[in-house]
Amino acid sequence: MRIFDPHIHMTSRTTDDYEAMYAAGVRALVEPSFWLGQPRTSPASFRDYFDSLLGWEPFRAAQYGIAHHCTIALNPKEANDPRCRPVLGELPRYLVKDNVVAVGEIGYDSMTPAEDAALAVQLQLAADHGLPALVHTPHRDKLAGLRRTLDVVRESGLAPDRVLVDHLNETTVKEARDSGCWLGFSVYPDTKMDEVRMVEILRTYGTGQVLVNSAADWGKSDPLKTRKVGDLMLAEGFDEDDVDQVLWRNPVAFYGLSGRLNLDVTGTEPTHEGNSVLRGAPSDPHEADTGSGSPVRVPAAEA
């Protein structure tokens, strides 16, 4: 089973997660820029964060055989903070980078006028840069939030089939599907969707334009939820082609709209700007730096 997690926040995860994800079949992922929990106080902190999504995280992922891409944006929650909003003017310098495959996460948290304005600006930036957009629907008042989201999308210069509407559930999936947007579902241990509900939605609405993600972050979450959805799909009568469409071909098709998706993982330098994922001397001499530019850590063999 090959897996592309289209929405996961690896900045919040450890290298153990990368190793477990590879063993479960994850070969590619997209990391959207998001709220870190601790509020940022200036655009400078965003710049450092964006730089890490374009440098350190792809380096870490490659050590474990996983292709890493990202999306860049001012997230909905911090769109309400006047200290953060000036970063909107700095986004164009990042949206031209090769590893950036969409504008996101954008959308709504509390459905404020400031969020309206940030969403409209960033949808236009996506259109201007030839990128798709990853849109976060609010965790509260989900149907109202979806309808407001779709209204702004319709008013924008970005076609619905270049928009991924994420964090959907049973109350929002039909209207989202009818809009022509791509459909995103975050599968969590206790909140949002779970595997059983996700499989039922796939049974009802089909596998077309559906992306399943773990959205794993610093909270209670599970970076292996994509694999668990695939396993349950097979147990419930879906075939391997169905699973491959949902967990691989659909995210490849959506993020491929950027023209920048590169799923090859080649040998990496042993360090990134002088830093390694290793701590101390390796116990296995085969994991040591050979000076040849080979990966710091060799992933487990393909199953």
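## Overall picture

Of the 303 residues in the protein chain, 52% are buried, where buried means under 20% relative accessible area, exposed means over 50% and partly exposed lies in between (1.4 Å probe, protein chains only). This is a predicted model, in which local features need pLDDT of at least 70 and side-chain atom pairs count only at pLDDT 80 or more, while totals for chains, interfaces and linings use all residues. Residues are numbered from 1 along each chain as its sequence is written, and side-chain values use heavy atoms, with hydrogens and water left out.

The chain has ten helices and eight strands; these are DSSP runs numbered from the N terminus, with helices being H or I of at least four residues and strands being E of at least two. Among contacts in the protein chain with a separation of 6 or more, 74% are between residues 24 or more positions apart, a contact being heavy atoms within 4.5 Å.

## Nonpolar cores

In soluble globular proteins, nonpolar side chains tend to be buried together. A nonpolar core is here a set of buried Ala, Val, Leu, Ile, Met, Phe, Trp, Tyr and Cys residues joined through side-chain atoms within 4.5 Å. The largest such core holds 68 residues, and Ile72, Phe185 and Met198 touch the most other members. Helix α5 (residues 113-128) gives the most to this core, with five residues. Another core lies apart from it and has 13 residues, including Val101, Ala102, Phe254 and Tyr255.

Which residues does phenylalanine 185 touch, leaving out those up to four places away in sequence? The list is Asp166, Leu168, Asn169, Val173, Met193, Met198, Ile201, Val210, Leu211, Val212 and Asn213.

## Salt bridges

A salt bridge is a side-chain nitrogen of Lys or Arg within 4 Å of a carboxyl oxygen of Asp or Glu. By this rule there are 20 salt bridges. One of them joins glutamate 78 and arginine 40, with the closest N and O atoms 2.9 Å apart. The two residues are 38 apart in the chain: glutamate 78 is in the loop between β3 (67-72) and α4 (91-95), and arginine 40 is in the loop between β2 (26-32) and α2 (43-54). Glutamate 78 is buried, at 4% relative accessible area, and arginine 40 is buried too, at 5%.

Glutamate 90 and arginine 47 also meet through their side chains in a salt bridge, at 2.8 Å from N to O. Glutamate 90 lies in the loop between β3 and α4 and arginine 47 in helix α2, 43 residues apart. Arginine 47 is partly exposed, with a relative accessible area of 27%. A further salt bridge pairs arginine 147 with glutamate 175, whose closest N and O atoms are 2.6 Å apart. Arginine 147 is in helix α6 (residues 142-155) and glutamate 175 in helix α7 (residues 173-179), so this pair ties together parts 28 residues apart in sequence. Arginine 147 is partly exposed at 42%, as is glutamate 175 at 28%.

## Pockets

A pocket is an open set of points on a 1 Å grid over the protein atoms alone, where a 1.4 Å probe fits and protein lies on both sides within 12 Å along at least five of seven lines; lining residues have an atom within 4 Å of a point. Grid points are joined across faces, edges and corners, and a volume is the space filled by probe spheres set on the points. The largest pocket has about 380 Å³ of space. Its lining has 17 residues, and Phe34, Trp35, His136, His139 and Asp217 are the closest to its centre. By class, this lining has six nonpolar, six polar and five charged residues; Ala, Val, Leu, Ile, Met, Phe, Trp, Tyr, Cys and Pro count as nonpolar, Asp, Glu, Lys and Arg as charged, and the others, Gly among them, as polar.

The second largest pocket has about 260 Å³ of space. Of its 16 lining residues, Pro58, Ala62, His68, Asn99 and Asp264 are the closest to the centre. The elements giving two or more residues to this lining are α3 (56-63) and β3. The lining of the second largest pocket divides into six nonpolar, seven polar and three charged residues.

## Backbone details

Glycine 104 and glutamate 105 are joined by a cis peptide bond, with omega about -5°. Glutamate 105 is in strand β4 (residues 100-107).

Methionine 111, although not a glycine, has a positive phi of about 60°. Methionine 111 is in the loop between β4 and α5 and is buried, at 17% relative accessible area. Histidine 167 has a positive phi near 60° and is likewise a residue other than glycine. Histidine 167 lies in the loop between β6 (163-166) and α7 and is buried, with a relative accessible area of 5%.
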